[in-house]
Amino acid sequence: MLNRDEDILKAAEDWQKAGHGVALATVVETWGSAPRPAGSSLVINDDGTFLGSVSGGCVEGAVVTEALDVIASGQPKMLEFGVADETAWNVGLSCGGTIRVFVEKVGQS
Amino acid sequence: MKLETLAEVNVERAARRPVIVVTDTANGEQRLVKAKDIAADPLRAELAKQLRMGKSGMIEAAGKKLFLNVYAPTAKLVIIGAVHISQALAPLARSLDYDVTVVDPRTAFASPERFPDVPLIAEWPDVALPPLNVDHYTAFVAVTHDPKIDDPALLHAFERDCFYIGALGSRKTHAKRGERLRAQGAKEADIARIHAPIGLDIGAVSPSEIAVAIMAEITAQLRLPKENAA
């Protein structure tokens, strides 16, 4: 069974209440052939545990790494992945699309 | 996202009420708009449009780039009839993330052996349906072939404005069904909403294939842009 958005957001709330640092990564824009639509999200805690997806598995690793920074700094970040990006060769989308992912800490005041 | 905002989103979703989170992507500022508050919101036109499409997206307003994240309720599927097609349809719908319930007063059909892991209600529609909170985010399928069971269920689906209503039966069977429903006070517009014969025409023969045809038709109804959605 796939993780539904509601499970993902419930996990975000539960992890935060259990004392974890938590970040939420959300696809906000897509161009071309993108694997997941805007609104798709991934929740990450400070253990590096994550639930959900923002792509077909192509960029999750990079998003998790950035999310750990966001948990530490509390500052939101906009990430972009795609074939036009030089990092594409490392973590780009093999489907040829571009996505922007907004990463924010959960529980920031 | 503030914890209060997140908690509020989760409460609204648990109650199956749509909610939109508006984020200024430049600084992370956020606010939550409940469906009932959209009409009074400065961004009402944009919010209403995104909600109607069930799609999240970026907009520009007053020089700001805003992300509207639409949280529509999880789609439900109510299946009237614990028949062979339903045995294939229930697990298929669950794999597509629908909350599935099967209703059939005939206990020989509605048995846990035939429907492992699926919520099953062995009651008549007038008893089974009211507690299910059938709503606009519900797909409703009547497949018993028995008017005593299907007809009252369909009348309930009309009342609750289900986004998809389908009923098993040939064109001839469906014409008779239309006459019966009309006699029970159903409006022409409601009868016209029934997808019958049920399912996309993919030449389905077996119960599993018919289940695929039904889920394909439901998916199309959920996802394709509406022709008259102005």
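This is a predicted model: local features need pLDDT of at least 70, side-chain atom pairs count only at pLDDT 80 or more; totals for chains, interfaces and linings use all residues.
Chain B has 230 residues, and 35% of them are buried. Its secondary structure comes to eight helices and 10 strands. Along the principal axes, the C-alpha atoms of chain B fill a box of roughly 60 × 35 × 35 Å. Contacts in chain B were considered at a sequence separation of 6 or more. Of these, 55% link residues 24 or more positions apart.

Chain B contains an open sheet of four strands. Their order is E2-E1-E4-E3, and the pairing is antiparallel. Strand E2 (30–34) and strand E3 (57–61) of chain B stand at the edges. Each has a single partner strand, so one side of each is left without a neighbour in the sheet. From one strand to the next, the twist averages 30°. Strand E1 (residues 19–24) of chain B is joined to E2(B) by five bridges, and the two run antiparallel. Within this pair, Val22(B) stands opposite Arg31(B) of E2(B). Strands of a sheet pair through backbone hydrogen bonds. Helix H2 (residues 44–53) of chain B packs on the sheet. Helix H2 of chain B touches E1, E2, E3 and strand E4 (64–71) of that chain. The direction of the helix makes about 40° with that of E4(B).

Further along chain B, Pro207(B) lies in helix H8 (residues 207–223). Why is Pro207(B) classed as partly exposed? Pro207(B) has 15 other C-beta atoms within 10 Å. A buried residue would need 20 or more, and an exposed one 12 or fewer, so Pro207(B) falls in between. Pro207(B) touches His84(B), Ile85(B), Gln87(B) and Ala88(B), leaving aside residues up to four places away in sequence. The pair Pro207(B) and His84(B) spans 123 residues in sequence, yet the C-alpha atoms are 6.3 Å apart in space.

In chain A, strand E5 (98–106) takes part in two antiparallel pairings. Nine bridges join E1(A) to E5(A). In this pairing, Leu24(A) stands opposite Glu104(A) of E5(A). Strand E4 (residues 77–82) of chain A is joined to E5(A) by six bridges, also running antiparallel. Here the bridge partner of Lys77(A) is Val103(A). Eight of the nine residues of E5(A) are buried, so the strand is largely enclosed by the rest of the structure.

The largest nonpolar core has 87 residues. Ala23(A), Ala25(A), Val101(A), Ile79(B) and Val141(B) touch the most other members. In soluble globular proteins, nonpolar side chains tend to be buried together. The contacts of Ala23(A) were listed without residues up to four places away in sequence. Ala23(A) touches Ile44(A), Ala67(A), Val70(A), Ile71(A), Val103(A), Glu104(A), Lys105(A) and Val106(A).

The two chains also meet directly. At the interface, 22 residues of chain A are in contact with 21 residues of chain B. On the chain A side, the elements giving two or more residues are helix H1 (5–17), strand E1 (22–31) and strand E5 (98–106). H1(A) gives the most, with seven residues. By type, the chain A side divides into 10 nonpolar, five polar and seven charged residues.

Terms used: Residues are numbered from 1 along each chain as its sequence is written. Chains are lettered from A and ligands numbered from 1 in the order in which they are written. Two residues are in contact if their C-beta atoms, placed from the backbone, lie within 7 Å. Ala, Val, Leu, Ile, Met, Phe, Trp, Tyr, Cys and Pro count as nonpolar, Asp, Glu, Lys and Arg as charged, and the others, Gly among them, as polar. A nonpolar core is a set of buried Ala, Val, Leu, Ile, Met, Phe, Trp, Tyr and Cys residues joined through C-beta atoms within 7 Å. Two strands pair if DSSP finds at least two bridges between them. Axes are lines fitted to C-alpha atoms, for helices over the stretch in contact, and angles run from 0 to 180 degrees between N-to-C directions.
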